[in-house]
Amino acid sequence: MALPPVLSGPLAVPVVGSPMFIYSGPELVAAQCQAGVIGAFPSLNARPQAALGEWLRQISESNAAFAEANPDRYVAPFAVNLIVHRSNDRLEQDLATVVEHEVPIVITSLGAREEVNEAVHSYGGIVLHDVINDAFARKAISKGADGLIAVAAGAGGHAGTQSPFALVQEIREWFDGPLLLSGAIAHGRSVLAARAAGADLAYVGSAFLATEESRAMAGYKQMIVDSSAADIVYSNLFTGVHGNYLRGSIVAAGLDPDDLAESDPSAMDFGSGGGSDSKAWRDIWGAGQGVGAVKEVVSTLELVERLRAEYEQAVVALTGCR
């Protein structure tokens, strides 16, 4: 099945920048789009709610101005992530704003809602839904999602435990629509591996946290640079949903990363610190197992150019063709 037009543009490298809670802002998203990859941010990052419309205008105007000044450059589309779980009391307002601005790509997480998909389809947008297993994938498509984001083991933030190869293989047995893969992807070789496994695009998060345009604080960016896969801890303590976090941030919060309690999944709380004075995402920092590929803080354009060069080198190494 061919990709829908909004996903089939000539990207610099087949990558979508994953929406990162708190830290993806309009500056990062615009920089991603203008570097030639699809940028994304969670709607909840725009606070108060009225700021969401302003963010959408800011990104659209920045991209339009860049495209006019650089007619030879492809400016990628952008996406907004909606948390559709019942705990999100802003969903109705945020969805209305997304529809008003006709956001081309909507990423839904933590639930599959037919009415959300229908609202996005009403103006011609597409919906990609986060899934961690084949059962959730089937449910999302049955409720009208256009594509899937397979969030495999090693992905930053909320993530599953299945191998990316197993997860993509199971989904591809029955689904030939748009499929993205998330999980420890921070190098161009990994982007190629995602495509070889059966995904259309790679979903990259942690590497973009350590860019100049990211809203992450300097200490967070440096911890990503200094960390490796061994420094990633998987726990559901902080929000009620299992996710991957930087060991150093857990230690800094006064907790033992090797002895974390289990949280009640029914008490999902995106601001929880697991009983400490720390907040998930603000103080307990999410990151994926691919952080070992991140060696320095650079601009978004420099990161995309690195990924593109690595991707092209990997293609040549495997095929002998440029």
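User: How many side chains count as positive and how many as negative?

Analyst: The protein has 21 positive and 37 negative side chains, where Lys and Arg count as positive and Asp and Glu as negative, while His and the chain ends are not counted. The centres of the two sets lie 2 Å apart, with the place of a charge taken as NZ of Lys, CZ of Arg, CG of Asp or CD of Glu. This is a predicted model, in which local features need pLDDT of at least 70 and side-chain atom pairs count only at pLDDT 80 or more, whereas totals for chains, interfaces and linings use all residues. Residues are numbered from 1 along each chain as its sequence is written, and side-chain values use heavy atoms, with hydrogens and water left out.

User: What radius of gyration does the protein have, and why does it agree with a compact globule?

Analyst: The rule for a globule is 2.2 Å times the number of residues to the power 0.38, taken over C-alpha atoms. For 322 residues a compact globule would come near 20 Å, and the protein has 18 Å, which agrees. The C-alpha atoms fill a box of roughly 50 × 45 × 40 Å along the principal axes.

User: What share of the residues is buried?

Analyst: Buried means under 20% relative accessible area with a 1.4 Å probe, protein chains only, and 54% of the 322 residues are buried.

User: Why do strands E7 and E10 count as edges?

Analyst: Strands pair if DSSP finds at least two bridges between them. The open sheet has the order E7-E11-E10 with antiparallel pairing, and E7 (157-158) and E10 (232-235) each have a single partner strand, so one side of each is left without a neighbour in the sheet. E10 and E11 (residues 243-246) are joined by 4 bridges.

Definitions and conventions:
Buried means under 20% relative accessible area, exposed over 50%, partly exposed in between (1.4 Å probe, protein chains only). Helices (H or I, at least four residues) and strands (E, at least two) are DSSP runs, numbered from the N terminus.
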